[in-house]
Amino acid sequence: ATRGVRCFVQPIVDVSKGEVRCFEALMRLRAPGGKVVAPGSFIEVAERSGLISPLWEALMKQALPMLKDDAIRQRFGDRFLLSVNLSTRQLMDPSLLDTLLEALDRHGIPCHRLQIEVTETSVLSDPVKAFRILDRIRAAGIRVALDDFGSGYSSLAQLTSMPMDTVKLRLGGLCCGFAMIDRYYLTCQSLLRRFRVYASVD
């Protein structure tokens, strides 16, 4: 199954400066007939079957070398991040940090060039365990982003205690959050002060 893994990258751009700040590595599978399969069609099955780890390792083998690619470095510099998504099963694996460090060491990549992305659902499935693991990852110099955040007041309140460096908000969720009643104002201001905040447009 890992032979079919393909890495696609999506740039995250600072529109105020026109600079690429990060490339997000997106996992896709190429079926025998050549069709590219989106993750919604296989991630859940991969998690249940235990295949998610080898699939993710195959993705990293393709993604990490771009940080040392001469052509990419000449075009985008040496400061952009590589961001990769983690599933709930991966996040809750006690050996996650060791896996990340081994992959980075294998390719000669410093920790501060990597960012992992987790969803709110994954973190809140076992927040005590998730916070402990994410704290260790951040202490090692790897950045942590909360992906696709933005569903309501309680979520914003919970976010302030999460061990994150970056919050990615879908544009629709961002607009709704700031258009809500006045009591959201202070929470949103606190959010902007504590994290790098990006709005994604799909």
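How many bridges join strand β5 to β6, and do the strands run parallel or antiparallel? The close-ups below start there, and the model they show is predicted.

**View 1. Strand β5 meets strand β6.** Here, β5 (residues 114-119) and β6 run parallel and are joined by five bridges. To find your place along the pair, look for T119, which stands opposite D147 in β6. Strand β6 covers residues 143-149, and five of its seven residues are buried, so the rest of the structure largely encloses this strand.

**View 2. E24, a buried residue.** Strand β2 (residues 19-30) is the place to look for E24. With a relative accessible area of 5%, E24 is buried because this value is under 20%. Its side chain makes a polar contact with the side chain of N85, at 2.9 Å. Leaving aside residues up to four places away in sequence, E24 touches several others, including F8, S83, E117 and K168.

**View 3. An aromatic cluster of F23, F76 and F80.** The structure holds three aromatic pairs.

**View 4. Around the ring of F80.** The charged end of R113 sits over this ring, 5.0 Å from its centre. F80 is buried, with a relative accessible area of 1%, whereas F76 counts as partly exposed at 29%.

Terms used. Residues are numbered from 1 along each chain as its sequence is written. This is a predicted model: local features need pLDDT of at least 70, side-chain atom pairs count only at pLDDT 80 or more; totals for chains, interfaces and linings use all residues. Side-chain values use heavy atoms; hydrogens and water are left out. Buried means under 20% relative accessible area, exposed over 50%, partly exposed in between (1.4 Å probe, protein chains only). Helices (H or I, at least four residues) and strands (E, at least two) are DSSP runs, numbered from the N terminus. Two strands pair if DSSP finds at least two bridges between them. A polar contact is a pair of N or O atoms within 3.5 Å; within protein, one must be able to donate a hydrogen and the other to accept it, and residues adjacent in sequence count only if both atoms are side-chain atoms. Contact means heavy atoms within 4.5 Å. Rings of Phe, Tyr and Trp (its six-membered ring) pair if their centres lie within 6.5 Å; planes under 30 degrees apart count as stacked, over 60 as edge-to-face and the rest as tilted. A charge sits over a ring if NZ of Lys or CZ of Arg is within 6 Å of the ring centre and within 35 degrees of the ring normal.
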